[in-house]
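Trainee: I have a model open and want to work through a few spots in it. Can we take them one at a time?

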Amino acid sequence: MDRLPQEVALEILSRLPLLSLVQSKSVCRAWRTFIQDQLLLKKHFKHMVENDPSFILQIMGHCIQNQLYFGDLSSDPNNENVMVIAKKLTIPPLLSFHLVSSCNGLLLLSATHPSFELCIYNPFTRDYVELPKRSHHAGVLGFGFDPTTKKYKVVEISYKRTTHLYFRRRVVRFGMRPASQTAASSVEVHILTISSNTWRNLGSFPFRFVWQKSQVLVNGKLHWRATTNLIMSFDLATEQFKEVPRPNFIASNRRIHELVVLRGCLSAVSFDDDNEELEIWVMKEYDVKESWVKQFSIGAYVPKMLQANYQCHSSNDPRFHSRKEWIQVLCLLKSGGLLLQYRNKALVVYDPHCRTFQDVEVPYEEIPRCLTTVVHVASLNWIDT
């Protein structure tokens, strides 16, 4: 590697799978320094769009401290099985944390620490930046890159805790769907530029957002579902909200179950009660209502792991185990298959052409079976080189 021109070495390493790139840091000190070069990371993330995205698994449970893993999908040419190849990450010295979102390989962590609540962690360099404490109440978070200023920003839509909302006889978490709307003055928007030490208050906002498991970052804009079933975007450059046109199925009084990014396109997941299928609508041309198309329909399925867990349950109906709340659409693979997650435990690849499901093997000798796995697909926001 030392004999190769730097540009050739950069091009070779930028095409390695993310897991292989992380493991290559252990070869020698020179390789470690070279792999931490920002130019290499930028090149690598640009190549990721051509391949299956890597993802991050967060292991949470009572018996061990939280853990993070890099994961890549791998197919066995002999038996066509799909499995996860995982590499345990070194985590920052935190008592506990929650992986909120990711952007360009950087992770936003919500942490339990005496001096800070949020931090940005770089798993490549193992460095982390403490973010200033918030004077406002905690709420729905977003993390992204502003291409105009070349700076990262954290956005938070916060809700005052003076109002207690009840839904189905239990307190609803802020950001989840309430039984009724509250006054607009109870919702505030704050933003932090990572190079700054001060949160800025952007004022009040007339909507409440639904908490979502993964971040939706498209065209330099963060996206959320409002409790009114609207799709709202936040432009990281102009720091303005805007309503995004919704798919036509909204007219049938169906709700959006979740938003997701599929190969760079904003996509909406909805549940068709008549056919008992998950439908995925994709916006082929951003911000153009007519470009929404229904691209996938997914029927009921029970992963093998959940079949074992529910053997004692009285219901053998697959629909019971495939409730829309239990299924998360993660990403679209280059093969055309969809990577799904069931009940924060089982990973499944769905083939839309054959309408078949394939359970993904996860190395449980490394990742304990008894713990919950949260998958965050690394979101990409192009950085100009």
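Trainee: Which side chain of opposite charge is nearest to Asp359?
Mentor: This is a predicted model. Asp359 lies in strand E25, residues 356–361, and is buried. A salt bridge needs the charged atoms within 4 Å. Asp359 has none, as the nearest side chain of opposite charge is 5.4 Å away, and that is Lys304.

Trainee: Which side chain makes a polar contact with the side chain of Asp359?
Mentor: Start with the backbone: the Asp359 side chain reaches the backbone nitrogen of Lys304 at 2.9 Å. Among the residues Asp359 touches are Pro303, Met305 and Leu347. The side-chain polar contact, at 2.3 Å, is with Tyr301.

Trainee: Now strand E16, residues 231–235. How many of its residues are buried?
Mentor: Take the faces in turn. On one side sit Ile231, Ser233 and Asp235, all buried. On the other, Met232 and Phe234 are buried too. The count for E16 is 5 of 5.

Trainee: Which residue of E17 stands opposite Phe234?
Mentor: E16 pairs with E15 in the antiparallel sense, through 5 bridges. There, Phe234 is the bridge partner of Leu222. E16 also pairs antiparallel with E17, residues 240–244, over 5 bridges. In E17, the residue opposite Phe234 is Phe241.

Trainee: Which residue takes a positive phi in the hairpin of E16 and E17?
Mentor: Look at the other hairpin too. Between E15 and E16 there are 5 residues, and Asn229 has a positive phi near 75°. Between E16 and E17 there are 4 residues. Here the positive phi, near 60°, belongs to Glu239.

Key:
Residues are numbered from 1 along each chain as its sequence is written. This is a predicted model: local features need pLDDT of at least 70, side-chain atom pairs count only at pLDDT 80 or more; totals for chains, interfaces and linings use all residues. Side-chain values use heavy atoms; hydrogens and water are left out. Buried means under 20% relative accessible area, exposed over 50%, partly exposed in between (1.4 Å probe, protein chains only). Helices (H or I, at least four residues) and strands (E, at least two) are DSSP runs, numbered from the N terminus. Two strands pair if DSSP finds at least two bridges between them. Lys and Arg count as positive and Asp and Glu as negative; His and the chain ends are not counted. A polar contact is a pair of N or O atoms within 3.5 Å; within protein, one must be able to donate a hydrogen and the other to accept it, and residues adjacent in sequence count only if both atoms are side-chain atoms. Contact means heavy atoms within 4.5 Å. Lists of a residue's contacts leave out its neighbours within four places in sequence.
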